[in-house]
Amino acid sequence: MFKSILVPIDLADTDLAKPAIATAATLSQTWSGAVRLLNVLPMTPVMLAEYVPADFDEQQRQTSEEALAIVARESGIEASRISSVVRQGGIYHEILEEAVHMKADLIVMTSHRPAMRTYFLGSNAGHVVRYAKCSVLVVRH
């Protein structure tokens, strides 16, 4: 049923992602599916571009790819069934784009318990749940 599972990860808080990774690992094993870890890098603001090195974006991407490789190795998912990708842009937009690109059957992501501000403003998880073309499982932290 879930052959292709996308797990967005915020590398600034990998502990938050652990429940989602564990859930994806179990589901992928049950359904003999594949898991893709995703990290989204924000765009460098134009006003800061002159203050950072010319290859800043590439350095950020390389650092993120290395960190995702470590998370993948530590996930407990066999190497042939896990991959990772780094995208750059708006968080929920890039999650949705990657889900379409990889033809995901399921997006598994963690979210903090709702606070008053998220009831009014929404969150990345809320946007993904509303606009994803596949099923979304939100694991509460």
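**Close-up 1. The side chains of Glu-94 and Arg-87 meet in a salt bridge in this predicted model.** The N-to-O distance in the pair Glu-94 and Arg-87 is 2.6 Å, and both of these residues are buried. Arg-87 also meets Glu-98 in a salt bridge, here with an N-to-O distance of 2.7 Å. Because Glu-98 belongs to helix H3 (residues 91-101) and Arg-87 to strand S3 (residues 82-88), this pair ties together parts of the chain that are 11 residues apart in sequence. For Arg-87 the relative accessibility is 19%, and the residue therefore counts as buried, the limit being under 20%.

**Close-up 2. Arg-36 forms a salt bridge with Glu-98.** In this pair the closest N and O atoms are 2.6 Å apart. Since Arg-36 lies in strand S2 and Glu-98 in helix H3, the contact ties together parts of the chain that are 62 residues apart in sequence. The two partners fall into separate accessibility classes: Arg-36, at 22% relative accessibility, counts as partly exposed, whereas Glu-98, at 2%, counts as buried. Side chains of opposite charge can pair when their charged atoms come close. For the model, the count comes to 5 salt bridges.

**Close-up 3. A patch of negative charge gathers on the surface around Asp-55, Asp-57, Glu-58, Glu-65 and Glu-66.** Among these residues, Glu-58 has its place in helix H2, which covers residues 56-74. With a relative accessibility of 47%, Glu-58 counts as partly exposed, because the value falls between the limits of 20% and 50%.

**Close-up 4. Ser-32 has a positive phi value although it is a residue other than glycine.** Its phi is near 55 degrees, and the residue is placed in the loop between helix H1 (14-31) and strand S2. Is Ser-32 buried or exposed? With a relative accessible area of 56%, Ser-32 is exposed, since the value is over 50%.

**Close-up 5. Lys-103 is a residue other than glycine with a positive phi.** The phi of Lys-103 is near 55 degrees, and Lys-103 is found in the loop between helix H3 and strand S4 (106-111). The relative accessible area of Lys-103 is 67%, so that this residue, too, is classed as exposed.

**Close-up 6. Ala-69, a residue of helix H2, is shown together with Arg-130.** How far apart are the C-alpha atoms of Ala-69 and Arg-130? They are separated by 29 Å, while along the chain the two residues are 61 residues apart. At 29% relative accessibility, Ala-69 counts as partly exposed.

Overview. From the N terminus on, the elements run β-α-β-α-β-α-β-α-α-β. Along its principal axes, the C-alpha trace spans about 50 × 40 × 25 Å. The chain has a radius of gyration of 15 Å, which agrees with the value near 14 Å that a compact globule of 141 residues would have. Of these 141 residues, 38% count as buried.

Methods: Residues are numbered from 1 along each chain as its sequence is written. This is a predicted model: local features need pLDDT of at least 70, side-chain atom pairs count only at pLDDT 80 or more; totals for chains, interfaces and linings use all residues. Side-chain values use heavy atoms; hydrogens and water are left out. Patches are made of residues with over 30% relative accessible area and no salt bridge: like charges are joined within 9 Å, nonpolar side chains (Val, Leu, Ile, Met, Phe, Trp, Tyr) within 5 Å. Accessible areas come from the Shrake-Rupley method with a 1.4 Å probe; for residues, only the protein chains shown count as cover. A salt bridge is a side-chain nitrogen of Lys or Arg within 4 Å of a carboxyl oxygen of Asp or Glu. Lys and Arg count as positive and Asp and Glu as negative; His and the chain ends are not counted. The place of a charge is taken as NZ of Lys, CZ of Arg, CG of Asp or CD of Glu. Helices (H or I, at least four residues) and strands (E, at least two) are DSSP runs, numbered from the N terminus. Buried means under 20% relative accessible area, exposed over 50%, partly exposed in between (1.4 Å probe, protein chains only). The radius of gyration is taken over C-alpha atoms; the globule rule is 2.2 Å times the number of residues to the power 0.38.
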